[in-house]
Amino acid sequence: MNFKKSLREGLLTNNPVLSQLLGMCSTMAITTTLFNGLGMGLSVTLILICSNVVISLLRKIIPGKIRIAAYIVIIAGFVTMVDLLLKAYLPALSDSLGVFIPLIVVNCIILGRAEAFASRNSVMASAVDGLTQGIGYTAALVVMCIVRELLGSGTFGKGVFGADGIRLIDAQYPALMVILPVGGFLTLGCLIAGSQWLNARMKEKEEKK
Amino acid sequence: MKYILKLALILLLITVVVAGLLGLVNYLTEDRIAENTAKKANVAMQTVLPSASYEKLDVTFEGITEVYKAEGGYVVRLNAMGFGGAIDLMVGVSEQGSVTGVSVISHGETASLGAECTREDWRSQFVGAVGGLQVKKDGGTVDALTGATVTSRAVTEAVNRAVECVKEVRQ
Amino acid sequence: MSLFLSLFSISLSAILAENFILVKFLGICPFMGVSKKTDTAIGMGVAVTFVMGIASAATWAVDHYLLTPLSLGYMQTVVFILVIAALVQFVEMFLQKVVPSLYQALGIYLPLITTNCAVLGVALLNIQNGYSFIESVVYGIMGGVGFTLAIVLFSSVRERLEDCDCPECFKGFPIALIAAGLLALSFMGFSGFKVF
């Protein structure tokens, strides 16, 4: 059914990071190792699904005037739950993401999806939307992480495959800059450019048909 | 007026439900989180100065979080102001006043740069020091981490502070 | 004297070495969203600085007099975001009644500030770094000044980017991000800049 279309939207045509340009703070800040990216992506996906479902359930009860405040409270609740669970069961991830876990509250992707989708669609559709948008976000993070980790520290999968990951470039050669804030901006810029190019090409192809 | 009350009530209800759920999750995870924290601190203490028991001392010294008496020395817990915020450190100091080990409990440093301060081969250079350390850039002997002078300076300064604190405690 | 020195050191690092946008990546959304014109960038910067200052004060007080004594630390995120949302609402109403001219200028940015991660970020960082009340307020305001500095500098770059000739796929956002990257690179010169 719609899942395939929704997944395509989440990953490519309507990717939360690359097309909607939301949630850029975390996208640039924590994408220094694959471990961080995967952890952040999965946490956000989980929160996105939960908040979408709950907001969709309550969409007829919450009056329009206070909806933003209500959404924020609900989202903050889920974020804190994930924060506590990570601290209890995955302390290593919680340490390396630090303040960016509580900051998921103000990640515009979640509030954006609540406002644009969950508040006007059924529970099932909202859950699917949360999942596919979350996957899109995670995919963007993972690509950023792989590029930045490879170029910046010369490794792959630090923290995922052993403490030091797989070393692909000798320790003295990587361009440190890519791991630093500068690298975040440059990598994301190139990535968005790439996705714009891809989308433009796909559109062209469809028009030719 | 009635409408506003209704709005406030709904918002209050949502907040109460969320708070209740959080209380529940907190109740369920609290012990485990405390256990994790204690375990981490304990592992750090064991690395810097192995001992069968640690006795917390009642000491106040500027910039020191906690001081423990171990067999054959002291363990000092303190914060260093690194590049990305506070670095929580454990420093072991022997009875003779030389450093027996340094361990990082938590930090917010940049991955691959300042975050390398947790590496064993970097921390081990502090072992045997008796205070007054400086990084090479400032004319001292400590090898700074590549691209992370701020972190290296902060840790070095914290180690000096721990040594000073123990000097005071011994007297 | 030492208080003054530590406040000075906090201010400098909040504005330059630990610039909220270019080094800490907090508040990127408004940074990219409202930086097309210098006038609007200044408006946004002033509004954010204002809210960051009072939000630092309010959240510090709430944390120290309410959450810590009641050991409700786990409610931190929820309470902070509510305090910030309420504060923004109050500031909006207050300005509308008392200083309508300022409201006219800042009004449209205020609702956006609730979801600005720099504001929640500064509140959480204050607690994490163990700052005192004064230090928190100074850190909040100076963080806002750093935000303003970055967004105003960037908006003047961006005004020129509008008519630059670059590859089709880089038009708009990507080229702006790359320009922001170069700005971040120049701010790296301040890293390690510390006054003791």
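**Helices and a sheet in a predicted model**

Trainee: How far does helix α7 of chain A reach from its first C-alpha to its last?

Mentor: In this predicted model, helix α7 of chain A covers residues 123–153, 31 residues in total. Helices here are DSSP runs of H or I with at least four residues, numbered from the N terminus.

Trainee: What pLDDT do local features need?

Mentor: Residues are numbered from 1 along each chain as written, chains are lettered from A and ligands numbered from 1 in written order, and side-chain values use heavy atoms, without hydrogens or water. Side-chain atom pairs count only at pLDDT 80 or more, totals for chains, interfaces and linings use all residues, and local features need at least 70.

Trainee: Which strands are the edges of the sheet in chain B?

Mentor: Five strands make an open, antiparallel sheet in the order β1-β2-β3-β4-β5. Strands are DSSP runs of E with at least two residues, and two of them pair if DSSP finds at least two bridges between them. Each edge strand of chain B pairs on one side only: they are β1 (55–57) and β5 (99–106).

Trainee: What is the bridge partner of Lys56(B) in β2(B)?

Mentor: β1(B) and β2(B), residues 64–70, run antiparallel and are joined by three bridges. In β2(B), Lys56(B) has as its bridge partner Tyr68(B).

Terms used
The expected span of a helix is 1.5 Å times one less than its number of residues.
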